[in-house]
Amino acid sequence: MKHYLVFFLGLLLRSASMLGQPIEELIEQSFSKNLKLKSFQYLIRSAKHKEYSVSALPAPRISFELQQIPLSNLSVNLLNDPLSQNLSFSQEFPWFGKLNALKNLEERKSLLIKSDSALYWSSLKFELIKRYFLLWKYRQSLALKDSIIVTYEKAIDAARVSFKSSTQPLSESLKLQSELALAKFERSTLKNEYRSILVSLNFLLNSPSDTFSINPTYPQNFDYDSERFEDHYSLSQNPVIKKMSVMIDMQNAEMAVAETELLPDIMLQSMLMRMPNGMILTSNSMSNVNKGGVDYMYGVMASFTLPFLPWSIDGPVQKAESFSLTAKAIELERESMLKELYSELKMLNRSFNLLKQKIRLIQLELLPLLRMNLDLQWSEFLLSKSTISSFLDSSRMYFMKKQELYETEYELALLYYSIQITLGR
C-alpha cells in the first residue's frame, strides 16, 4: 500500500510540474520572497516611527542650585548655610505649526522610500518578465530543434533507399548528415543557455534551488487596447513620475520647515526658592538678612527667540528660497520626463501593432504555405522526383520562419509588459 501511495504522489508531482506557471504567479512569488523589498518595508516602518518622534515636544529641564555657600565655615551645613536652595523647571514650546511642518516633512520622506521601493520593484519585475519569456523562447527553440532532428533523421533513413537504387548521389547524403550534426550541436548549445537562464530566473525568485523547474506559458491574448491607446492611458501611476512628484512635495515641505524658523520659540520657566535664613532685605552684606526663619519664594519667566530680526532673518529666508528653486527644477524635469515617456509609449504602441501584424502574417500565411511546400518536397523526395538539396532548402525556410515567429512573440510579450510597467501597472 505504501508503494502505491508513493507512486501516486510522485505522479501528482510530475503532473503538477507539467502544468504551465503563468508569469503573474512568479511575480507574486518574487514579491513575497525578495529580501530587498523586505528591507524597504523595514525602512518605511522606521520612517513612520520618525514621523511620531519629530512631533513630540522638546524634553523639559529641571535644575537644582545651592546659592552663596560661605567659605568661612569649613563644616558646611547644606540645609541651612546656603543663602538659598533653588529648584527650577523649564519647557520649550515651538511656535504653533512648527511641529506639524516637521511631521509633514517626515511623511514626505516616508513616501519617498515607498517610491524607491516601487521603482525597484518595477525594475525587478521587468527583469523577471524578460527572463521568463526568454526561457519560454528557448523552450520553443529546443522543441523546434527536436523536430528538425527528427525530420532529418527520417530523411536520412529515406535517403538510404535512394542511394541503394542510385537515384541520389552520395554528396546529397553528406548534406543531410551535416545538417543533422549541426542541428544536434545547436540543440546542445541551446540547452546550456536554457539552463543558465533558468538559474538566473531562480535567483530572481529567491528559490531554494538554482535548478527549480519552471514551465513558462505564453498568454492567450494581451489585455491591451492598442488602437485607443491615447484615449485611455495616462502616466500618473508611472513609478518614476510618482517619485518625482513626491520629491517636489518633499522640497515644498522642506521650504515650509525653513519658513517656520522665522517664528519665535517660547521658553517657560518656573522656580521655587528656599531661604534658610529668611528673605534678603539688602544685598550689601550678609549681616542684612532677616533671621526670622525659613522663607520661600517662587518666580515665573517667559522668553522668546527673535529669528525675524534683521541680523538673523537671512538664514531661514535663503534656505526656504533654495528649497523653492529645487522644487521648480524637479517640476520642470518631471514635465520633460512626461514628454519623453509619452513619446516612448507611442513608439512602443506602434511597434506593438506592427509585431501583431507580423505574427498574424507568419501564422496565417507564411507558415501554412511553407509547410505545404515542405510536405510537397518531402513527397517528391520520397518518389525520387526531387533532390535532397531542394528538400533541405524548403525545410530550412520553414524552420527559420518558425523560429522567427518565436522571436517575434517574445518581442511582443516584452513590448506589452514594457507598456504596462511604464503605465505603472
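Start by selecting Trp121, which counts as buried because its relative accessibility is 13%; buried means under 20% relative accessible area, exposed over 50% and partly exposed in between, with a 1.4 Å probe and protein chains only. The model is predicted, so local features need pLDDT of at least 70 and side-chain atom pairs count only at pLDDT 80 or more, while totals for chains, interfaces and linings use all residues. Residues are numbered from 1 along each chain as its sequence is written, and side-chain values use heavy atoms, with hydrogens and water left out.

**Aromatic pairs**

A search of the whole structure gives 10 aromatic pairs. Rings of Phe, Tyr and Trp (its six-membered ring) pair if their centres lie within 6.5 Å; planes under 30 degrees apart count as stacked, over 60 as edge-to-face and the rest as tilted.

Helices (H or I, at least four residues) and strands (E, at least two) are DSSP runs, numbered from the N terminus. Is Phe31 buried, exposed or partly exposed? Phe31 is partly exposed, at 47% relative accessibility.

Next, select Trp378 and Phe391. This pair is tilted, with 5.3 Å centre to centre and 45° between the planes. Trp378 is in helix 8 and Phe391 in helix 9, so the pair ties together parts 13 residues apart in sequence. Phe391 counts as buried, at 2% relative accessibility.

For an aromatic cluster, select Tyr132, Phe133, Trp136, Tyr218, Tyr406, Tyr416 and Tyr417.

**Charges over rings**

A charge sits over a ring if NZ of Lys or CZ of Arg is within 6 Å of the ring centre and within 35 degrees of the ring normal. Select Lys137 and Tyr410: the charged end of Lys137 is over the ring, 4.8 Å from its centre. Then select Arg371, which lies over the face of Tyr398 at 5.1 Å from the ring centre.

**The core**

A nonpolar core is a set of buried Ala, Val, Leu, Ile, Met, Phe, Trp, Tyr and Cys residues joined through side-chain atoms within 4.5 Å. Which members of the largest one touch the most other members? They are Ile129, Phe133 and Leu176, in a core of 66 residues. Two or more residues each come from helix 2 (23–33), helix 4 (98–164), helix 5 (170–204), helix 8 (314–382) and helix 9 (388–422). Helix 4 gives the largest share, 18 residues.

Centre the view on Ile129. Leaving aside residues up to four places away in sequence, Ile129 touches Ile23, Ile27, Leu414, Tyr417 and Ile421; contact means heavy atoms within 4.5 Å. Apart from this core lies another, of 7 residues, including Leu112, Met250, Ala253 and Val257.

Colour the buried residues of helix 2: Ile23, Leu26, Ile27, Gln29 and Ser30. They cover an arc of only 160° around the axis, which puts them on the same side of helix 2; the arc is that of the directions from the helix axis to the C-beta atoms.

Finish at Asn34, in the loop between helix 2 and helix 3 (35–54). Asn34 is buried, with a relative accessible area of 10%. A polar atom of its side chain lies 3.0 Å from the backbone nitrogen of Lys36. Asn34 also touches Tyr120 and Leu124, not counting residues up to four places away in sequence.

Terms used
Polar contact = N/O pair within 3.5 Å; in protein donor to acceptor, adjacent residues only side chain to side chain.
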